[in-house]
Amino acid sequence: MLLEDLYVVLKVAEFRSITAAATNLDMRTATASAALKRVEANLGVELFIRTTRQLRLSSAGEKYIPQCEQAMLMLEQAKQNMKGELDIIDGDLRLAISSDLGRNIVIPWLDEFMDTHSKVSLRVSISDANVDFYRDAVDLALRYGSPNDANLYGFKICNVPRLICASQTYLDKFGTPTHPQELAEHNALLYQLQNLTHDIWEFTKADNSIKVKVSGDRVANDADLVRRWCVNGKGISAKSCLDMSHDLLTNNLVRIMADYPVKSTELWLVFPSRQSITPAARLLRDMLKDKTRSILLQLIEKGILDKSVLD
């Protein structure tokens with residue numbers, strides 16, 4: 001019995017669907033179905049009861065699958081331990097990452113990482129949509145905000161203040177707001193995710209929270225486009241300091257209303273399971289921590305951020 005076939009069977013059990021399992025494993029449905037049939041033929045029992053509407057575990061499957069999961073987990077852990085002890089860095093990193101952070105910040109870091117570790121291959125999914133590890137063919141995701149699912153595993157990479165930014169061209173033409181309430185007089189560049197427009201900006205000062213509803217003539221579901229509009233003088237944006245770091249450091253953009261910080265966030269590297277935390281993934285995590293810290297230090301040195309962001 002091939003281990004690869006067993007892995008397919010476990011994915012079918014996880015998704016309760018041969019098609020969904022094949023999509024996650026990046027293979028044809030017919031290939032996944034053939035693997036399942038080989039395992040069942042070898043065991044001499046049917047692991048799943050198939051109907052036109054659903055796929056569910058048989059009584060034999062209910063007994064076999066949990067033991068198979070434990071055995072595969074032990075084998076995978078033994079393999080990763082061996083690679084870690086021998087300093088073998090290889091494997092396929094299937095990474096999901098947000099649009100602006102991915103295209104403009106992280107992709108060059110990934111190129112550098114792969115130049116150093118030539119046995120690592122990379123598959124990148126760039127999208128601002130929320131990752132569904134049970135649907136999308138990804139093993140790790142770099143995302144803003146800590147994971148809210150107790151079944152996920154994650155590593156915090158850094159704190160990420162959000163900043164209110166605009167180009168000097170825009171400010172010269174329309175003036176510089178000094179209080180959140182003044183944003184009503186300005187053109188806000190808005191971000192939309194899953195049909196929800198983020199038009200409520202939350203500020204803090206002296207432990208007080210100030211929520212302001214903003215409006216503008218441009219809305220995008222791509223954070224990179226919001227940044228580009230901002231650089232081109234089309235309005236004011238509330239964005240991650242990492243996303244805006246290059247433009248802030250090169251004076252393409254100006255931070256405004258620093259006395260009223262926007263609600264901050266965090267950057268996390270998230271995994272669906274412990275098996276996904278490979279030696280390559282751990283090295284990637286360490287590199288991300290070093291690279292983001294370097295950016296934060298540059299922003300601190302220029303006076304854009306306070307050094308407390310490193311806490």
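**Labels and their cut-offs**

Q: What makes Arg-228 partly exposed?
A: Its relative accessibility is 43%. Buried means under 20% relative accessible area, exposed over 50%, and partly exposed in between (1.4 Å probe, protein chains only). The value of 43% falls in between, so Arg-228 counts as partly exposed.

Q: What are the ground rules for these values?
A: This is a predicted model, in which local features need pLDDT of at least 70, side-chain atom pairs count only at pLDDT 80 or more, and totals for chains, interfaces and linings use all residues. Residues are numbered from 1 along each chain as its sequence is written, and side-chain values use heavy atoms, with hydrogens and water left out.

Q: Why is the contact of Asp-224 and Arg-228 called a salt bridge?
A: The term needs a side-chain nitrogen of Lys or Arg within 4 Å of a carboxyl oxygen of Asp or Glu. Here the N to O distance is 3.1 Å, so the pair qualifies. The two residues are four apart in helix α7 (residues 223-231), so about one helical turn separates them. Helices (H or I, at least four residues) and strands (E, at least two) are DSSP runs, numbered from the N terminus.

Q: Is Asp-224 buried or exposed?
A: Buried, because its relative accessible area is 4%. Asp-224 and Arg-228 also belong to a network of salt bridges, with Asp-100, Arg-103 and Lys-239 among the other members.

Q: How many salt bridges does the structure hold?
A: The structure holds 19. One of them joins Asp-26 and Arg-123, with the closest N and O atoms 2.4 Å apart.

Q: Why does the pair of Asp-26 and Arg-123 tie together parts that are apart in sequence?
A: Asp-26 lies in the loop between α2 (18-25) and α3 (29-43), and Arg-123 in strand β4 (residues 120-126), so the linked parts are 97 residues apart in sequence. Arg-123 is at 42% relative accessibility, so it counts as partly exposed.

Q: What makes Glu-112 and Lys-291 a salt bridge?
A: Their closest N and O atoms are 3.0 Å apart. Glu-112 lies in helix α5 (residues 99-116) and Lys-291 in helix α9, so the pair ties together parts 179 residues apart in sequence. Glu-112 is partly exposed at 40%, and Lys-291 is partly exposed at 23%.

Q: How do you know that the span of helix α9 agrees with its number of residues?
A: The expected span is 1.5 Å times one less than the number of residues. For the 23 residues of α9 (residues 279-301) that should give 33 Å, and the end C-alpha atoms are 33 Å apart, so the two agree. Its buried residues include Leu-284, Leu-288 and Ile-295. Just after α9, Gly-303 takes a positive phi of about 85°.

Q: Why is strand β5 called largely enclosed?
A: Four of the five residues of β5 (residues 140-144) are buried, so the rest of the structure largely encloses the strand.

Q: What makes β5 and β15 a strand pair?
A: Two strands pair if DSSP finds at least two bridges between them. β5 and β15 have four bridges, in the antiparallel sense. Tyr-144 stands opposite Leu-267 in β15. Strand β3 (residues 91-97) is joined to β5 by three bridges and runs parallel. There, Leu-95 stands opposite Leu-140.

Q: How many aromatic pairs does a search of the whole structure find?
A: Two. Rings of Phe, Tyr and Trp (its six-membered ring) pair if their centres lie within 6.5 Å; planes under 30 degrees apart count as stacked, over 60 as edge-to-face and the rest as tilted.

Q: Why is the pair of Phe-155 and Phe-271 called edge-to-face?
A: The centres are 5.9 Å apart and the planes stand at 85°, so the pair is edge-to-face. Phe-155 is in strand β6 (residues 153-160) and Phe-271 in strand β15, 116 residues apart. Both are buried.

Q: What makes the pair of Tyr-170 and Phe-174 tilted?
A: The centres are 4.7 Å apart, with 35° between the planes. Tyr-170 is buried at 3%, whereas Phe-174 is partly exposed at 47%.
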